[in-house]
Structure formats: structure tokens, C-alpha cells
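I'm going through one model and jotting down what I look up.

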Amino acid sequence: MANFTTKKISVAMDGPASAGKSSIARVLADDLGFLYLSTGELYRSFTYACLNNGYYVTSPETLLAVLRHLDFSYNVIDTQQGKRLQVALNKKDITPYLHEKNISKFTPKVACYPNIRAYFRQIQQDLATNYDIVMEGRDICSVVLPDATFKFYIDASPEARASRRCKQLNDISNYDKVLAEIKQRDKLDMERETCPLKAYSADTHDDIVYIDTSYKTLPESIDTVKTIVQQGLDKINLDNTQQKSTQLEKQSF
Ligand code: C5P
């Protein structure tokens with residue numbers, strides 16, 4: 001008899017930086033008891049190692065050799081909030097350092113190499129095989145988990161994202177600079193050759209749910225995503241129950 005519980009549930013979420021996808025993904029994962037995975041943190045971990053060890057890119061091949069040589073470990077841990085990935089380098093937890101400004105600046109450069117992406121993609125896909133997961137990034141719906149149970153594109157205008165960033169930093173005086181940085185990061189992520197961030201809009205016809213958070217509060221955006229996922233999960237559970245009872249009926253004849 002088929003085992004209906006073995007297939008893991010995956011929620012894939014893509015979108016540009018500061019559109020709110022990390023916050024939405026984290027809350028959703030914690031509510032559902034799923035693993036929350038920020039794939040950006042994997043790329044960031046490698047940038048951290050390069051910057052702290054003074055590695056310079058001479059070729060994609062040397063970069064991959066460096067990556068393989070490093071003593072990284074990626075462990076799923078249970079925290080008070082929920083399931084998270086802890087990134088350790090030489091046994092030291094480096095997760096708290098991954099969002100430093102310099103790392104945000106250089107990560108798009110590291111993340112553009114096909115062989116580096118392939119290395120991290122394998123880790124991401126292995127995690128999705130083993131855990132119910134909410135995974136966010138740039139190429140999750142298109143490349144990493146094209147068959148994800150749920151797919152979302154979380155968007156917001158560059159201006160809305162820049163104001164949010166400034167509010168977080170409590171410094172509106174740098175709005176123009178922050179806006180320029182956001183646009184530059186979008187450009188690098190969208191125009192690279194390998195696995196670029198694909199832009200979606202409300203008019204794109206695809207199996208991806210497009211959500212523009214520009215004029216929504218965070219709780220509103222979270223609610224929108226949660227409702228869609230909860231309805232989908234209810235349907236999956238109902239289908240599974242019906243399938244099970246059909247099989248039981250067949251067996252009893
Ligand atoms: O999501 P986050 O802002 O932490 O990602 C940091 C950088 O990592 C992005 O700007 C992007 O260049 C890269 N990234 C990527 N593919 C992903 C996730 C992140 O290229 N799936």
C-alpha cells in the first residue's frame with residue numbers, strides 16, 4: 001500500500017531583496033512546524049569564508065576548489081522559534097555574521113558562478129527531500145524546487161523596499177543611497193546568466209502566486225500567504241483521506 005506521508009511538503013518563495021519574503025517565510029515555517037531555509041545564507045556563508053580568509057577569485061574552478069576545501073557544516077537545529085539551518089565554519093557557528101553589510105555586497109558576485117550554485121543547489125534539494133520546508137531565495141521556484149507544493153513570488157517596488165530598510169535602520173537620511181544599493185542588487189540578481197531572479201507580475205500566467213507587498217503591512221502579507229497554504233494543505237489532506245479509504249474499500253473485497 002502506498003505510504004501517503006513520505007512525500008515532503010515544500011513551499012518555495014522567490015523575490016528581490018527586502019520584499020518581505022524572509023519574514024513571511026519564517027513565520028509560515030514556524031506556524032507549520034517546517035524547516036525555514038534562507039538559501040541566501042548558504043551563498044553568504046561562502047562569501048564570509050572568502051572575505052575572512054582573503055581568497056580572491058581567479059577562476060570559477062579555483063573558487064569551487066576553495067569551497068570544497070573549507071570545513072563547512074550545515075545542521076538543522078530546533079530553536080525556540082522553530083527549525084533553522086545553523087551554518088558552521090571550522091566548527092564555529094557563523095550564522096550571526098552572515099548579514100553584515102560587506103557580505104550582502106559581495107554575495108551576488110559569488111552567487112553568479114554556475115559551479116558554486118550547483119554545489120549549494122544539491123544541499124538545498126537534499127534538505128527538501130528530508131524535511132517539510134519553507135525555502136526562500138531567487139531561483140527556488142524556477143530551478144531548485146520547480147515541483148514545490150506551493151510557489152510564491154514576493155515582490156515590492158524598489159522605493160517601498162528602500163523605505164522599509166531605512167525604517168529598520170532608523171535612518172531616513174540615507175534613503176537615496178539605500179535605494180541605489182537595492183536597484184544595484186536587483187540588477188546583479190536579475191541580469192546574471194546563471195539562474196537569474198525571474199521577474200513576475202500579477203499578469204504572469206504561471207503556477208506561481210504573485211504577491212505585491214508594497215502597500216501591505218507584514219501581518220497582511222503573512223495572512224495572505226498563510227491562507228493560501230492552509231487551504232492547499234487542507235485539500236491535500238482531504239485527497240489523501242479519500243485515496244486511503246478508496247484503497248481500503250478495494251482491499252476489503
Ligand atoms: O536572500 P539574501 O538577500 O540573503 O541573498 C543574498 C544574495 O545571495 C542575493 O543578493 C543573491 O545574489 C544570492 N542568492 C542567490 N540565489 C538564491 C538566494 C540568494 O543568488 N537562491
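I started with α7: its buried residues are Pro-158, Arg-161 and Ala-162. My cut-off for buried is 20 or more other C-beta atoms within 10 Å of the residue's own, with C-beta atoms placed from the backbone. Seen down the axis of α7, these buried residues fall within an arc of 100 degrees, so they line one face of the helix. The arc is taken over the directions from the helix axis to the C-beta atoms.

Ground rules: this is a predicted model, where local features need pLDDT of at least 70, side-chain atom pairs count only at pLDDT 80 or more, and totals for chains, interfaces and linings use all residues. Residues are numbered from 1 along each chain as its sequence is written. Helices are DSSP runs (H or I, at least four residues), numbered from the N terminus.

What do the buried residues of α7 pack against? I found α8 (175-191); contact means C-beta atoms, placed from the backbone, within 7 Å.

I checked the length of α7 (residues 158-169) too: at 1.5 Å a residue its 12 residues should span 16 Å, and the end C-alpha atoms are 16 Å apart, which agrees. The expected span is 1.5 Å times one less than the number of residues. Just after α7, I noted a positive phi of about 55 degrees at Asn-170.

Last, confidence: the chain's mean pLDDT is 91, with 97% of its residues at 70 or more. pLDDT is the predictor's confidence in each residue, from 0 to 100. Over residues 1-5 the pLDDT is below 50, and I see 4 contacts there beyond near neighbours in sequence. Where pLDDT is low, the predicted coordinates should not be read in detail.

Conventions:
Helices (H or I, at least four residues) and strands (E, at least two) are DSSP runs, numbered from the N terminus. A residue is buried if 20 or more other C-beta atoms lie within 10 Å of its own, exposed if 12 or fewer, and partly exposed in between; C-beta atoms are placed from the backbone. Two residues are in contact if their C-beta atoms, placed from the backbone, lie within 7 Å.
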